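This report goes through a few local features of one protein model. Look at the sequence and the structure first, then read on.

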Amino acid sequence: MSLLEVRGLTTGFMTGSGEITAIEDVSFSLNAGEILGIVGESGSGKSVTALSIMGLLPSPPARLISGEVIFEGQTLTNMSDRQMQTIRGPGISMIFQEPMTSLNPVFSIGEQIMETIRAHERLSPAKLRERAIEMLDKVGIPSAARRMDDYPHQMSGGQRQRVMIAMALACRPRLLIADEPTTALDVTIQAQILDLLMDLRDEFGMAIIIITHNMGVIAETADRVLVMYAGRVIEEAPVATVFDRPLHPYTRGLLECVPSLTEDRARLVAIPGTLPEPTRRPPGCRFSVRCSHAIPACSAALPPLELLEPDHSAACIRALDLAPIRTADLAP
Ligand SMILES: Nc1ncnc2c1ncn2[C@@H]1O[C@H](COP(=O)(O)OP(=O)(O)OP(=O)(O)O)[C@@H](O)[C@H]1O
Ligand SMILES: [Mg+2]
């Protein structure tokens, strides 16, 4: 049985111009200890997917239109708020996209970590403090015991991000969702935080969903990748497969945006055009208006996500005509 099953998840928001669907028919599964990367441009639906799994979108304006989320055999999408509170923390824990909004400026970081643990476990005050210091130590905060009494503003951006991770891990979750955990940080710190997440996965055996707009981060960390575009999954496969033979033209575009470390100058070929707003999605394939390979059939119908090769799905009617040759098939 997989740890997490997401089936046909469709989430809408009520807006001034009616209900829009932020994500549509999102499906995937995740095994214990596995790292899944979710990648896509700003607005593609990555955070809405994460927050729908956590049951953290305020309703209204948000509404679960259809689909279900099953965690360790339990259907989360049927659960009451009270039941969900027992899952959040020890079951699934999340590092949010904006660290400053999730840390309370008026409490010390030690109090905030202890409060998170206290909500789920009965520990003596001494044990509670010990666990909080242990978590700060694990995430690489130097002199953890002394930093317990510091307030968020006394820490650097990188340190606050580490505190966020410590809070998310304090209840030893089986699944950690990390929404852009490194975007605000400089590259050195970024690499350190990613290494830290991988070490913690090895130590605690937790599964991780890592959300990013950067294919480089996916290459460094994830086992599998889910590519999202305009609210839908357009490609899914093991990371090595997607890097070797991306099937969707959008994925190829994203891969061309990854700065190469081996070249003198980073190749930053942005994909022309912009992601359509939910109210202005084109008919048929939502990427067709930006795709240099589009033919009239592309705008006729929404292409379904189909298994085109073993363990490799894509939603493009031209995928197999256009895909690059597999390295394994190249003549020696
Ligand atoms: N509260 C809301 N009300 C209306 N629309 C919303 C709301 N929250 C998100 N959306 C819409 O849902 C879509 C997906 O947003 P989401 O935040 O999931 O994108 P994202 O992939 O996380 O982007 P980013 O990389 O910028 O974080 C967007 O079109 C966004 O405008
Ligand atoms: Mg987001």
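Arg172 counts as partly exposed, at 36% relative accessibility; buried means under 20% relative accessible area, exposed over 50%, and partly exposed in between (1.4 Å probe, protein chains only). Arg172 is found in the loop between helix H7 and strand S7 (175-179). Helices (H or I, at least four residues) and strands (E, at least two) are DSSP runs, numbered from the N terminus. Although Arg172 is not a glycine, its phi is positive, about 50 degrees. Most residues other than glycine have a negative phi.

Asp311 also has a positive phi, about 55 degrees, and is not a glycine. Asp311 lies in the loop between strand S11 (306-309) and strand S12 (312-314), and is partly exposed with a relative accessible area of 40%.

## Basis of the model

This is a predicted model, in which local features need pLDDT of at least 70 and side-chain atom pairs count only at pLDDT 80 or more, while totals for chains, interfaces and linings use all residues. Residues are numbered from 1 along each chain as its sequence is written, chains are lettered from A and ligands numbered from 1 in the order in which they are written, and side-chain values use heavy atoms, with hydrogens and water left out.

## Helix H7

Helix H7 covers residues 157-169, 13 residues in total. From first C-alpha to last it reaches 18 Å, close to the 18 Å expected at 1.5 Å a residue; the expected span is 1.5 Å times one less than the number of residues. Twelve of the 13 residues of H7 are buried, among them Gly158, Val163 and Leu169.

## Around ligand 1

Ligand 1 is surrounded by 14 residues (a heavy atom within 4 Å). The closest are Ser42, Gly43, Lys46, Val48 and Gln97. Helix H1 (46-54) and strand S2 (18-30) each supply at least two residues of this shell, and H1 gives the most, with three.

An oxygen atom of ligand 1 is 2.8 Å from a polar backbone atom of Gly43. For Val48, an oxygen atom of the ligand is also 2.8 Å from a polar backbone atom. The protein covers 69% of the 640 Å² of accessible area that ligand 1 has on its own (Shrake-Rupley method, 1.4 Å probe).

The peptide bond from Ser59 to Pro60 is cis, with omega near -5 degrees. Another cis bond joins Pro60 and Pro61, with omega about 5 degrees. Most peptide bonds are trans. Pro60 is found in the loop between H1 and strand S4 (62-71), and Pro61 is found in the loop between H1 and S4.

Key:
A polar contact is a pair of N or O atoms within 3.5 Å; within protein, one must be able to donate a hydrogen and the other to accept it, and residues adjacent in sequence count only if both atoms are side-chain atoms.
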